[in-house]
Amino acid sequence: MARFAIGGFQHETNTFAPVKASFRDFEIADGWPGLTRGEAMLTAFAGINLPVAGFIDAARKQGHELLPTLWCSASPSAEVRTDAFEKIVGELLQRIGALGKIDGIYLDLHGAMVTEDHQDGEGELLERLRKQIGAELPIVVSLDLHANITERMIKHASTLVVCRTYPHVDLAEAGEASAVVLDCLTRQGPLFKAIRRTEFLVPLISQCTLIEPASGIYRAVAEAEQGDVVSASFAFGFPPADIAECGPAIVTYGTSQRAADEAADRLLALVNAKEAAFAGKIWKPDEAVSYARAKGNSATKPIVLADTQDNPGAGGTSDTVGLLRALIDGRAEGVVFANLCDPKSAEAAHRAGVGAQVSLAIGGWAGGAGNTPYEGTFTVEALGDGNFPATGPFYRGNRMQLGPMAVLKKDGVRVVLCSRKQQCADQAMLRHVGIEPSAQKILALKSSVHFRADFQPIAEEILIVAAPGTNPVDNRDLPYKRIRKGIRLMPLAEPFKG
Ligand SMILES: [Zn+2]
């Protein structure tokens, strides 16, 4: 039996987004649990699709003693504020330091954290941790598929384990895999490492593992783990993070350097061969609305429009109404537009009550180019407290706490308002306010890919729509400054010149 410290600190940073992450954002629960300390960690995540939950289950089964420290996450946004980073990392290191003799550390990190002071939040955290505990103690870190893996992370972590699905339905499994690796490291000693990077970024919408080419790449990653290769991972990276080391990376760990290198080279060659296959059709809002209206006459299931550029799961503000405007102006019928994050309008709807007519300017509160509210008169059709269990595969086991919610109806369009932003990736978000998703003609969802886990099975067709938002589908629209020169911002694009 070994003694393992466990902790977690998750943030996915969109450096182009307008609103930074404060300590409060890590404290409160949203789509995921709030800041959790000490022993409470051993029960708070039970049954939730989170890496830390999978690690706890697996390491317990192995018979190890678990020493919980702290875990927190905040919704994706602009940089983590310095005081939040210092406070959380400070407490995490202090708690680990107070544990006495331990045999290893497991951390549940995202891998794309940028702070006001550090381009590589996780690398900074791991370097400080390494300094504190010395060179020998194993540190295993699970990462999100959107991790921007850096040299510092590779150097200071013994092993990095990346989840393999997008929608991320295997987060808990990445934690379980981390437990297997940490157990192996404590018994057999350190592994040899290899890292390889692609020379191009892959836009978020082309990273979905329910479709090719990503699904085949992840099959190959799983198959690479055999013989002398103990762990193999591929992270697509998170494009809207303007840091030097942004982009896809392969990391492999073997019992020999040669085994790690060969596996990494093989996987890199495979990803490189798929570069052209990562390009997909993007619709303009009015074009998508016309198509969905025409197609809706013969469709038996809803047509899903993914409002990807305002995906709050990628740092969007979840308040843009470009696609909503196109739906109302285009006289679309049987439409649900979800989730528009607008606490003030949700509050106004609650004050007015169900059945009331309200004149409101909804959305558009965060500002930015082309982001103005939609002004109109709506009927308040339903209200909710935003507190309900998730039912879909991505948020499974988790309790949503989205604050006051409301449904506003105008013509053939229902708008679902919430007060805490969370991407619309779970049918329960609609059922909570009395809407049956499968009975709609058009579902316009603020999400890039995660919605597919729960909505693809009920969708006639899925269109990716480029309406206003801080998360451009074409990375060339982002004003990069710090990303390394020479990288292609989109598959097959010209190298970035700076
Ligand atoms: Zn992710």
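Leaving aside neighbours within four places in sequence, Arg452 is in contact with Pro167, Cys208, Leu210, Pro457, Ile462 and Ile464. Contact here means heavy atoms within 4.5 Å. This is a predicted model, with residues numbered from 1 along each chain as its sequence is written. Local features need pLDDT of at least 70, side-chain atom pairs count only at pLDDT 80 or more, totals for chains, interfaces and linings use all residues, and side-chain values use heavy atoms, with hydrogens and water left out.

Arg452 belongs to helix H14, residues 452-455. Helices (H or I, at least four residues) and strands (E, at least two) are DSSP runs, numbered from the N terminus. Arg452 is buried, yet it has no salt bridge. Buried means under 20% relative accessible area, exposed over 50%, and partly exposed in between (1.4 Å probe, protein chains only). A salt bridge puts a side-chain nitrogen of Lys or Arg within 4 Å of a carboxyl oxygen of Asp or Glu. For Arg452, the nearest side chain of opposite charge is Glu461, 10 Å away. Lys and Arg count as positive, Asp and Glu as negative; His and the chain ends are not counted.

Next comes strand S19, residues 461-465. Four of its five residues are buried. Strand S10 (residues 303-307) runs parallel to S19, and five bridges join the two. Strands pair if DSSP finds at least two bridges between them. Within this pair, Leu305 stands opposite Leu463.

Now to the zinc ion. Its protein donors are Asp144 (OD), His146 (ND1) and His168 (NE2), at 2.0 to 2.1 Å. Donors are N, O and S atoms within 2.8 Å of the metal (3.2 Å for Na, K and Ca); water is not among the atoms, so sites may look incomplete. Along the chain the donors follow the spacing D-x1-H-x21-H. Asp144 counts as buried because its relative accessibility is 8%. His146 is buried too, at 3%.

Asn148 lies in the loop between strand S5 (139-143) and helix H6 (151-156). Asn148 counts as buried because its relative accessibility is 1%. Its side chain reaches the backbone nitrogen of Gly247 at 3.0 Å.

Just after H11, Arg331 takes a positive phi of about 55°.

Notes: Polar contact = N/O pair within 3.5 Å; in protein donor to acceptor, adjacent residues only side chain to side chain.
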